[in-house]
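Thanks for coming. Please have the sequence and the model in view.

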Amino acid sequence: MSMNKQERVAVYPGTFDPVTYGHLDIIRRSAKQFDRLIVAVLNNSSKNPMFSVEERKALLAEVTRDIPNVEIDSFRDLLVRFMKSRQANVIIRGIRSVTDFEYELQLASTNHLLDDEIDTMFMMTNPKYSYLSSSIVKEIAQFNGAVHELVPPVVEKQLREKYKPKS
């Protein structure tokens, strides 16, 4: 007699502009906890991202291609609606600091209010990435600084392209 076990699906939402080793750490660790992990690129019109949604999705697909249960997607609606459409019920959020936690707690509470069947799982960032953000990476790359310890090689290459001097 086999039991129909419901698939455990989580969503790790973010702008990923660009994806860093800190994001990748959270993705790898989260993927071990769920049957499917959907990394969802936020298409936020109020932000002015360096990389397009398609570029971010392509970079994420490239750096996660060795993790079989990871899917890359994007959304521009409420996160809880996106999750319902993908049959997911857990939001993954990385926490670097107390400041992150305060902000993330507010988001988690709001999402729970919107849909009480959705839970948020906070994952502490590996301490070696606790200072790392996409903004910092872009600032270093803009001034031609070394980012090879912060982002995967394919991301570093794309950053160099974006900041190549216009001739």
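Helices (H or I, at least four residues) and strands (E, at least two) are DSSP runs, numbered from the N terminus. This is a predicted model: local features need pLDDT of at least 70, side-chain atom pairs count only at pLDDT 80 or more, and totals for chains, interfaces and linings use all residues. Residues are numbered from 1 along each chain as its sequence is written, and side-chain values use heavy atoms, with hydrogens and water left out.

Strand 1 and strand 4 (residues 90-95) run parallel, joined by 2 bridges; two strands pair if DSSP finds at least two bridges between them. Strand 1 also runs parallel to strand 2 (residues 36-42), with 6 bridges. There, Val 11 has Ile 38 as its bridge partner. Between strand 1 and strand 2 the chain passes through helix 1 (residues 21-31), a right-handed β-α-β crossover: with the strands pointing away from the viewer, the path from the first strand over the helix to the second runs clockwise.

Is strand 1 (residues 9-14) mostly covered or uncovered? Mostly covered: 6 of its 6 residues are buried, meaning under 20% relative accessible area with a 1.4 Å probe, protein chains only. Val 9, Val 11 and Pro 13 point one way, and Ala 10, Tyr 12 and Gly 14 the other.

Now helix 1. Because 8 of its 11 residues are buried, helix 1 is largely enclosed by the rest of the structure. Among the buried ones are His 23, Leu 24 and Ile 27.

Methods: Buried < 20%, exposed > 50% of the residue type's maximum accessible area, 1.4 Å probe, protein only.
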